[in-house]
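Hello,

Here is the structure I promised to pass on to you. My notes on it follow below, so please have it open while you read.

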Amino acid sequence: MLRRTRENFFSLGIILIITLVFLYYASQLDFFESKIMPIFIGIIMMILLVMAFYNEYTKTGCLTLSEDENSTDDIGAHDMKTLKCILPIFILVGLIYIFGFYASTFIFIFSYMKISGSSIYSSIIISILCTAFIYVAFPILLETPLYTGLLMQHFNLPF
Amino acid sequence: MLESILVGLGYLLEPATWGWILGGTLLGLILGIIPGLGSLIGMALFLPFTFKLDIMQAMPFMVALSAVGFTGGSITAILLGVPGDASNIATMLDGHPMTRKGEGARAIGAALTASLVGGVMATGFALIMMFAIMPIIMSITSREMVFIILIGLAFISMLGNEGRVKSLISGCLGLMLSCIGMVMVSGEVRFTFDQGFLFEGLPIVPVCFGLFAVPPMVELAMKGSEGTISEVSLSSLSVKDTLQGTWDVLRNKFLCLRCAVIGYFFGILPGVGANAAVFLAYGHAKATDRNPDSFGRGNVRGVIGPESCNNAKESGSWLTTFALGVPGSSTGAIGLGALMMMGIMPGPGMLTEHLDITFSLLMIVALANILGFIICFPLVAQLARIAAIPSRILVPIVLIFIVVGTYANRSLMEDIILLLIFSVIGLLVKRFKYNAGSMLLGYILGTMFENYLFISLQIEGITFFMHPIPLFLIACLILFLTWPVVRKIMRGGHEC
């Protein structure tokens with residue numbers, strides 16, 4: 001219960017900081033027409049945050065702990081696992097910047113499947129099929145050229 | 001007039017027209033099913049081909065493609081939790097939980113039937129109202145739009161299961177996001193931190209993917225091969241279950257009708273778009289349900305409402321595009337461009353000089369929906385196999401499509417950075433139990449609200465709302481916001 005309450009206060013606190021920064025930048029805008037809407041939204045947000053903090057404080061509002069909450073230890077482990085699982089997306093983007101879409105597609109799918117326990121043959125076949133599909137679907141059929149990557153551009157390679 | 005209708009029917013009897021309709025329907029379904037694509041990209045890429053085609057070749061293809069794109073998108077939204085299109089997000093909110101409960105076929109049956117009913121009924125509305133709609137559309141100005149959007153924003157509080165305050169906070173965060181970019185009225189650039197790719201505002205694709213597509217994939221990756229998607233039993237996705245979904249639509253026929261009306265109404269309103277309409281339909285389905293708490297956990301009415309609505313919207317959108325020359329949606333805008341490229345100026349002339357074409361194209365919306373239903377319904381089990389793919393295969397492939405789809409939208413690498421940022425935001429929203437749907441609605445409607453508000457203020461001053469329709473809309477808005485209290489009073493305070 002306390003853990004959940006702290007988390008609610010933490011998230012509301014983050015939103016409060018974002019709102020204050022948002023309001024500060026809105027006040028620095030040059031034209032009245034530009035700043036009126038952000039300031040209006042900021043004020044509404046501040047009112048809502050006061051209501052949320054009040055609800056949380058009195059434990060009678062919507063932010064109280066629901067019955068199906070995980071235990072404290074489970075929540076910590078869950079967060080760590082989430083961080084671990086979002087990491088591949090960042091790796092994929094890094095690969096795309098260096099190798100471009102085609103090579104990255106192959107490397108990413110092959111590595112992910114192999115690490116997850118797939119056989120080497122299925123990993124290779126699916127990686128090749130996906131790369132081929134993306135090559136056919138986007139640059140050829142949809143006429144949308146894809147980014148080729150720093151490395152490929154540097155060495156002037158075809159992909 | 002009768003002669004034009006007969007000529008229009010004549011177009012529909014030509015085998016070549018049917019070939020274009022079938023081609024457009026198939027492509028629309030396929031693009032809708034593939035995450036990150038959708039009918040909008042398909043239409044945009046088909047645009048260059050219209051140079052070499054006759055209007056009754058190109059337009060049936062494009063109209064059919066746009067008509068069933070949402071139907072295809074609903075399949076991935078339900079089975080994978082990855083909306084094929086932003087308009088399928090509302091379907092995903094309850095459709096995907098149904099898949100997790102082993103009711104995927106039922107959800108798909110409901111979605112296909114609701115799409116069919118919504119699309120066909122809305123075409124009926126469009127045909128009946130084709131001549132009457134002109135004065136109605138012309139009477140809607142920016143001052144009415146301000147309050148229509150406000151009603152949409154008020155519906156934010158109905159979304160989510162975490163209480164009104166959290167939903168409204170999420171909506172306000174979305175409104176904050178909508179402030180990014182150039183202000184139309186002053187021309188000043190706001191909250192972009194001198195990043196050129198943000199001058200036109202935040203692109204919707206990375207925002208949608210980050211908030212709605214990446215978190216389910218992360219969740220699936222966390223569960224590994226024991227994930228609920230990979231555990232879906234194909235044997236449970238039977239025709240009987242699919243028919244159960246059809247029966248659900250029949251049982252909720254009035255909801256389906258009302259949501260089709262909502263979709264049609266939003267479709268004819270220029271610029272409001274499908275996203276606001278489907279969330280309004282979802283909110284309506286939730287508000288009229290006896291057990292609103294079950295929404296978000298796999299309530300079939302949460303599938304029927306949005307699906308009926310988003311297919312119904314297309315008929316209204318096309319009618320506005322043809323009759324006024326004002327696109328009712330992004331697909332309508334591309335269709336408008338195609339018509340102009342073929343030398344036909346959309347507008348009132350489409351109802352006088354080209355009534356036959358307008359009539360047949362509106363009929364094609366209904367025909368495409370029927371074809372889409374016929375193609376999809378018997379193939380539910382085959383389509384459902386997507387859900388049985390092991391997560392170790394599914395996750396990397398879907399992630400690749402998300403990233404490639406994000407890039408393909410504007411061909412900007414910066415959009416991928418935005419995708420990463422919104423993926424983290426999406427995970428945090430889920431982690432702290434805020435509402436991503438409310439955030440997206442606020443983001444979509446924010447810019448439109450600001451623009452219409454300033455136009456109204458500049459034209460008519462601060463008393464711009466002192467007209468019958470805005471006052472009626474204000475009354476509706478007040479009634480909606482105070483409805484829980486009013487209902488409590490009406491029931492004598494016995495119910496909380």
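Let me start with Asn252(B), which sits in the loop that links α11 and α12 (253-268) of chain B. One caution before going further: this is a predicted model. Asn252(B) has a relative accessible area of 11%, so it counts as buried, the limit being under 20%. Leaving aside residues up to four places away in sequence, Asn252(B) is in touch with Arg301(B) and Ile304(B).

Ser238(B) belongs to the loop between α10 (204-223) and α11 (239-251) of chain B. Along the chain, Ser238(B) and Glu103(B) are 135 residues apart, yet their C-alpha atoms are separated by 9.9 Å.

Next, the helix pair. The axis of α10(B) comes within 7 Å of the axis of α20 (residues 414-431) in chain B, and the two cross at roughly 60°. The crossing of α10(B) past α20(B) is right-handed.

- From α10(B): Pro206(B), Val207(B), Phe209(B), Gly210(B), Leu211(B), Val214(B), Pro215(B), Val218(B) and Glu219(B).
- From α20(B): Asp415(B), Leu418(B), Leu419(B), Phe422(B), Ser423(B), Ile425(B), Gly426(B), Leu427(B) and Lys430(B).

By type, the residues in this contact of α10(B) with α20(B) come to 12 nonpolar, 3 polar and 3 charged.

Finally, a few words on chain A. It contains 5 helices and 0 strands, and its pattern along the sequence reads α-α-α-α-α. How many of its residues count as buried? The share is 36% of the 159 residues of chain A. Taking the contacts in chain A between residues at least 6 apart in sequence, 56% join residues at least 24 apart. The accessible surface of chain A is about 9300 Å², and carbon and sulfur atoms account for 72% of that area.

Best wishes

Methods: Residues are numbered from 1 along each chain as its sequence is written. Chains are lettered from A and ligands numbered from 1 in the order in which they are written. This is a predicted model: local features need pLDDT of at least 70, side-chain atom pairs count only at pLDDT 80 or more; totals for chains, interfaces and linings use all residues. Side-chain values use heavy atoms; hydrogens and water are left out. Helices (H or I, at least four residues) and strands (E, at least two) are DSSP runs, numbered from the N terminus. Axes are lines fitted to C-alpha atoms, for helices over the stretch in contact, and angles run from 0 to 180 degrees between N-to-C directions. A crossing is left-handed if the near helix is turned anticlockwise from the far one by less than a right angle, and right-handed if clockwise. Contact means heavy atoms within 4.5 Å. Ala, Val, Leu, Ile, Met, Phe, Trp, Tyr, Cys and Pro count as nonpolar, Asp, Glu, Lys and Arg as charged, and the others, Gly among them, as polar. Buried means under 20% relative accessible area, exposed over 50%, partly exposed in between (1.4 Å probe, protein chains only). Accessible areas come from the Shrake-Rupley method with a 1.4 Å probe; for residues, only the protein chains shown count as cover.
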